[in-house]
Amino acid sequence: MTIWDEPMGKALKAAGYAGQRGDVPIGAVVLAPNGETLAVAGNERELLQDPTAHAEVIALRRASEMLGTWHLDGCTLIVTLEPCAMCAGAAVLSRIDRIVFGALDPKAGAIASLFDVVRDPRLNHRPEVTSGVRADECGALIRDFFDKLSGGDVSEWPMEPASKAGVEQSTEGSNPSVTAK
Ligand SMILES: [Zn+2]
């Protein structure tokens with residue numbers, strides 16, 4: 001148990017709602033410096049047909065609205081999946097203090113997996129990072145989501161090593177699990 005387990009539960013809940021309406025189940029929460037919840041959001045990419053409507057971006061926007069400033073100094077971003085390059089970049093731009101995430105995203109993760117967009121020593125602002133919070137639950141949500149789509153085609157988002165289940169074998173289409181819906 002860490003202090004992040006409880007707010008990660010809120011992110012997991014938002015992720016679950018996103019999954020129920022057809023978005024990849026990813027959720028994010030922004031905590032104020034005093035630990036109060038400022039914003040909760042799920043991924044709304046399909047809902048809004050907006051390529052930038054990731055949970056983190058929506059949560060950062062809502063938190064900024066709540067505080068009346070884009071400066072999120074002292075705040076914490078909690079997200080179920082390792083942020084992509086866009087969301088990691090948005091977090092840096094918000095001057096947020098800390099990023100906490102659950103599962104790694106070996107396909108698009110930009111904090112540990114593919115790049116480290118937030119702790120590059122050349123950046124002026126570098127949030128602290130905590131990873132692996134409730135990672136099994138966070139990853140299982142996404143795996144289950146893709147398992148249900150088109151009979152187990154998880155090629156868009158393999159959350160397990162490619163060697164396990166041979167997920168890399170079904171990547172001929174450019175975006176098969178979305179088009180197959
Ligand atoms: Zn993102």
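A: A residue counts as buried if 20 or more other C-beta atoms lie within 10 Å of its own. Please note that this is a predicted model.

Q: Is Arg-134 buried or exposed, then?
A: Arg-134 has 23 other C-beta atoms within 10 Å, so it is buried.

Q: Where is Arg-134 found?
A: Arg-134 sits in the loop that connects strand 5 (128–130) to helix 5 (135–148). Its phi is near 50°, a positive value in a residue other than glycine.

Q: And what is phi of Arg-95?
A: Phi of Arg-95 is near 65°, again positive in a residue other than glycine. Arg-95 belongs to the loop between helix 4 (85–93) and strand 4 (98–103).

Q: How many other C-beta atoms lie within 10 Å of Arg-95?
A: There are 16, and Arg-95 is therefore partly exposed: the class lies between exposed, at 12 or fewer, and buried, at 20 or more.

Q: Turning to helix 4, which of its residues are buried?
A: They are Cys-87, Ala-88, Ala-90 and Ala-91. Viewed down the axis of helix 4, these buried residues fall within an arc of 160°, so they line one face of the helix. In general, an α-helix has 3.6 residues a turn, so residues three or four places apart point the same way.

Q: What covers those buried residues of helix 4?
A: The cover includes helix 3 (55–67), strand 3 (76–81) and strand 4.

Q: Changing topic: what is the strand order in the sheet?
A: The open sheet has five strands in the order 2-1-3-4-5, with mixed pairing. Strand 2 (37–42) and strand 5 each have a single partner strand and stand at the edges, so one side of each is left without a neighbour in the sheet. On average, neighbouring strands of this sheet are turned by 15° against each other, direction ignored.

Q: How many bridges join strand 4 to strand 5?
A: Three bridges join these two strands, which run parallel.

Q: Which strands does helix 1 lie across?
A: Helix 1 (residues 5–20) lies across strand 1 (27–31), strand 2, strand 3 and strand 4, and runs at about 145° to strand 1.

Q: And helix 3, which strands does that lie across?
A: Helix 3 lies across strand 1, strand 2 and strand 3, and runs at about 150° to strand 2.

Methods: Residues are numbered from 1 along each chain as its sequence is written. This is a predicted model: local features need pLDDT of at least 70, side-chain atom pairs count only at pLDDT 80 or more; totals for chains, interfaces and linings use all residues. Helices (H or I, at least four residues) and strands (E, at least two) are DSSP runs, numbered from the N terminus. The arc is that of the directions from the helix axis to the C-beta atoms. Two residues are in contact if their C-beta atoms, placed from the backbone, lie within 7 Å. Two strands pair if DSSP finds at least two bridges between them. Axes are lines fitted to C-alpha atoms, for helices over the stretch in contact, and angles run from 0 to 180 degrees between N-to-C directions.
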